[in-house]
Amino acid sequence: MRASQFHLATTKETPSEAEIVSHQLMLRAGLVRRLSSGLYNLMPLGLRVVRKIEAIVREEMNRAGGIELLMPAVQPAEIWQESARWEKYGPELLRMQDRHGRDFCMGPTHEEVITDIARKELRSYKQLPINFYQIQTKFRDEIRPRFGVMRSREFIMKDAYSFHTTEASLLETFDDMHNAYCEIFNRIGLEYRPVEADSGSIGGAKSREFHVLADSGEDALAYSTGDEFAANVEKAAAVAQGTRGEASSDMAVVPTPGVHTIDELSKALNVDAKQCAKTLLVEGTESPVVALVLRGDHQLNAIKAEHLEQVASPLTFASAEAIQSVANCDAGSIGPVGLTIPVIADADAANMSNFVCGANKNDQHITGVNWLRDLPEPVIADIRNVVEGDASPTGKGEIKIVRGIEVGHIFQLGTTYSEAMKATILDENGKSQDMHMGCYGIGITRVAAAAIEQNHDDKGIIWPESIAPFTAVISPINMVKSDAVKAAAEKLYQQLKDANVDVLLDDRPLRPGVMFAEMELIGIPHRFVVSEKLLAENQLEYKGRSDSEATLINIEEAVQKITAK
């Protein structure tokens, strides 16, 4: 490709609406252009990146036995009503009506559509297992689109769906997809980590996320220093630290005017937050309100809490009126002593002795509180986020926390959709049975953004070579004035093309500094500079995008410099 015949539209200024590096650099490098909130045009450079990601994904999915198809982006309401997700999915589902008043939605995912295909096309156990996939545009009506294509409303995704006669067969494909995903991210050249995760609105018994590691990541990931354990913080089991001490202090009520938070309480009474208990009231299932107790330095894990049978889902904090009715105080003064509602404590909170908590009277707290002596033993459950330094739930090593950007997610759906939508096959005995399902997604456009978050410097993007918009650029100096430079650049351009190198010839009449800066912003991995001075020595200047300095090479070495990698 010649730069003079391509659309390059870089900018020097960082757009004010861009909050994170990938959004800033995708706009500055001309990869995307904003159309509306959460809607982006993929410009020619950006599309080249996306197509290369798609090619790697498609190759590995095909190698793993996937069969590609393409399903409609617009889906009828009827199948979503069958799965009970028409209302459950919530406002992220963009609903619409056609001219006849029939309800449709823009597909945020395709479980219902593929299950409808399966129940019409699959009849016998002899047709299973089978794994269909597509690369398709999705739409989720995010309440607050942000970070460019990282959290946009419309995005490109690869989603696959497998069907099985048995759970064992599903587990086998689940593992195959795990391995395929690892190969995809290895080939792209990203530092990533697979972690155990919550299934969320997709449903199913087990799921695993794939995260590109980056400081800007929205998700906190917990991993063990002693083995391969890794999980999203929302899923990672918290192990209790230590055991409960003896009751050695008398319980006493102390005035705490204006104190409403653990930090304020810790400072007012000069006690460590670890010695304070915080009590949160949430809506329950059998009881209108349930109390959740945590150690003061720990944070509630909403996902874990709403999975408790005593707690209503989705997790909803009790209203001010409900708090007054059960605790006779405002939210900042609640404590477990004297409560007549169910009390569930995290294991670390249950291990506390001689602790401080709210007195259930405004502007008062209680010191020297002990379980069993001053209040009944609580129900113990894991309801907190893990923190660095916790023991690993596997018993090996301790927990470390890193940030990650979720780019892939694989699910064991079981019979969640097949049962609801009556997707059955005949087994070996001629009996009808629900098919077991798996679901496997990769955010294609999100991978592009995550790659930038992980690979950039103050000059611009540093693309992994596998997905760079161009592998190499030839930068001729004063090409329009020098026949020798033009001839050498054209010859090298042809040689690289013949070697199947995706090369850009920058034949625009630009000053060298401008030319170099733009290519560094775009992030092209290899740069060859051709000049009359260098040609006199039969040399070119070569610089890799991550190299600190350029080097001189013989002209004959140029093609091998790239193809030998």
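Modeller: Two strands count as paired if DSSP finds at least two bridges between them. Strands are DSSP runs of E with at least two residues, helices are runs of H or I with at least four, and both are numbered from the N terminus. The model is predicted, so to speak of a local feature takes a pLDDT of at least 70 and to count a side-chain atom pair takes 80 or more, while totals for chains, interfaces and linings use all residues. Residues are numbered from 1 along each chain as its sequence is written, and side-chain values use heavy atoms, with hydrogens and water left out.

Biologist: What makes β8 and β23 a pair?

Modeller: 8 bridges join strand β8 (residues 154-164) to β23, and the two run antiparallel. The rule asks for at least two bridges, so they count as paired. Phe163 stands opposite Met437 in β23.

Biologist: Which strand pairs with β23 over 6 bridges?

Modeller: Strand β20 (residues 399-414) does, in the antiparallel sense. Gly414 stands opposite Met437 in β23.

Biologist: Why is β23 called mostly covered?

Modeller: Buried means under 20% relative accessible area, exposed means over 50%, and partly exposed lies in between, with a 1.4 Å probe and protein chains only. In β23 (residues 436-443), 8 of the 8 residues are buried. One side carries His436, Gly438, Tyr440 and Ile442, the other Met437, Cys439, Gly441 and Gly443, and both faces are covered.

Biologist: What makes β13 and β17 edge strands?

Modeller: β13 (252-255) and β17 (355-358) each pair on one side only. The sheet is open, with 3 strands in the order β13-β18-β17 and antiparallel pairing. Its neighbouring strands are turned by 30° against each other on average, direction ignored. Between β13 and β18 (residues 364-369) there are 4 bridges, and the bridge partner of Pro255 in β18 is Gln364.

Biologist: Why are α1 and α12 called roughly perpendicular?

Modeller: Axes are lines fitted to C-alpha atoms, for helices over the stretch in contact, and angles run from 0 to 180 degrees between N-to-C directions. Under 35 degrees is roughly parallel, over 145 roughly antiparallel, 65 to 115 roughly perpendicular, and the rest oblique. The axes of α1 (residues 21-28) and α12 (residues 444-454) come within 8 Å and cross at roughly 105°. The pair is therefore roughly perpendicular.

Biologist: Which residues make the contact between these two helices?

Modeller: Contact means heavy atoms within 4.5 Å. From α1 come Val21, Ser22, Leu25 and Met26, and from α12 come Ala448, Ala449, Ile452 and Glu453.

Biologist: How many residues of α1 are buried?

Modeller: 6 of its 8 residues are, which makes α1 mostly covered. They are Ser22, His23, Leu25, Met26, Leu27 and Arg28. These residues pack against β1 (32-36), β2 (39-42), α12, β24 (456-457), β25 (460-461) and α14 (512-522). α1 is followed by Gly30, whose phi is positive, near 80°.

Biologist: What makes a set of residues a nonpolar core?

Modeller: The members are buried Ala, Val, Leu, Ile, Met, Phe, Trp, Tyr and Cys residues joined through side-chain atoms within 4.5 Å. The largest core has 63 residues, of which Leu31, Ile53, Phe185, Ile188 and Trp463 touch the most other members. Its largest share, 9 residues, comes from helix α6 (residues 167-188). Leaving out residues up to four places away in sequence, Trp463 touches residues including Leu31, Val49, Ala448, Ile522 and Pro525.

Biologist: From which domains does this core draw at least three residues each?

Modeller: From domain 1 (3-236 + 401-452) and domain 3 (470-563). The bounds come from an automatic or database domain assignment, which also gives domain 2 (252-381). The C-alpha centres of domain 1 and domain 3 lie 38 Å apart, and their contact takes 12 residues from each of the two.

Biologist: Is Lys422 buried or exposed?

Modeller: Lys422 has 65%, so it is exposed. Its phi is also positive, about 55°.

Biologist: How do you know that the peptide bond from Leu128 to Pro129 is cis?

Modeller: Its omega is near 0°. The bond from Ser313 to Pro314 is cis as well, with omega near 5°.
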